[in-house]
Amino acid sequence: MFYYSAFSVLTKKLDAYAANVETKKFTRLALLPTVLVALTYGVIAFLCVYGAQEPMKALVNSMPVWLSHGFEIAGNILPVVGFGLLLKSMLKAEYVPYLLLGFTAACFIKFGNLMPVAVIGISLAFIEFYHNKKQTDNEKKLKSMIESASGNGDDGDGI
């Protein structure tokens with residue numbers, strides 16, 4: 001929170017760079033907070049993982065059973081919550097068949113990991129993409145044919 005509050009003073013300078021169309025300066029200054037926060041988080045995470053393994057083990061082992069069981073339940077629920085949030089923001093009616101197909105593949109076909117389901121999903125996405133592209137190209141061709149045909153003949157019978 002400190003970083004985000006401290007970096008708010010940069011907005012006036014960013015506005016000035018944007019008004020003067022100084023894109024290089026704007027980009028550098030806009031990326032500076034992100035880089036500093038990422039470096040800070042990276043250093044803290046590295047130090048916690050590298051230097052605090054034994055204290056963390058001791059902390060986890062000293063937790064009461066009810067607390068560690070609660071963390072276990074919360075950890076099992078998190079993928080469902082993430083999936084629900086993903087569906088809420090991205091689900092469209094025309095993609096429900098793909099969702100059901102992926103769900104069925106993930107649940108009933110025994111894979112070592114979910115990579116085959118991802119490959120199936122990517123394949124279906126490519127099929128959908130190229131089908132829509134072909135349909136759009138055909139619609140453009142049809143529209144251009146209609147436009148070119150309507151302006152050629154001077155008779156009303158189309159000849």
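Trainee: What is the mean pLDDT of the protein chain?
Mentor: Happy to start there: this is a predicted model, where local features need pLDDT of at least 70, side-chain atom pairs count only at pLDDT 80 or more, and totals for chains, interfaces and linings use all residues. Residues are numbered from 1 along each chain as its sequence is written, and side-chain values use heavy atoms, without hydrogens or water. pLDDT is the predictor's confidence in each residue, from 0 to 100. In the protein chain, 94% of residues reach 70 or more, and the mean is 84.

Trainee: Where is confidence highest in the protein chain?
Mentor: Helices are DSSP runs (H or I, at least four residues), numbered from the N terminus. Confidence is lowest in helix 1 (residues 2–6), at a mean of 80, whereas the highest value, 90, belongs to helix 2.

Trainee: Which residues make up the largest nonpolar core?
Mentor: Such a core joins buried (under 20% relative accessible area, 1.4 Å probe, protein chains only) Ala, Val, Leu, Ile, Met, Phe, Trp, Tyr and Cys residues through side-chain atoms within 4.5 Å. The largest has 6 residues in all: F7, L10, L14, Y17, L29 and V37.

Trainee: Which elements give two or more residues to this core?
Mentor: In the largest nonpolar core, L14 and V37 are among the members. The elements giving two or more residues are helix 2 (11–19) and helix 3 (23–51).

Trainee: Leaving aside neighbours within four places in sequence, which residues is V37 in contact with?
Mentor: Contact means heavy atoms within 4.5 Å. With those sequence neighbours set aside, the partners of V37 are Y3, Y4 and F7.

Technical notes. Buried < 20%, exposed > 50% of the residue type's maximum accessible area, 1.4 Å probe, protein only.
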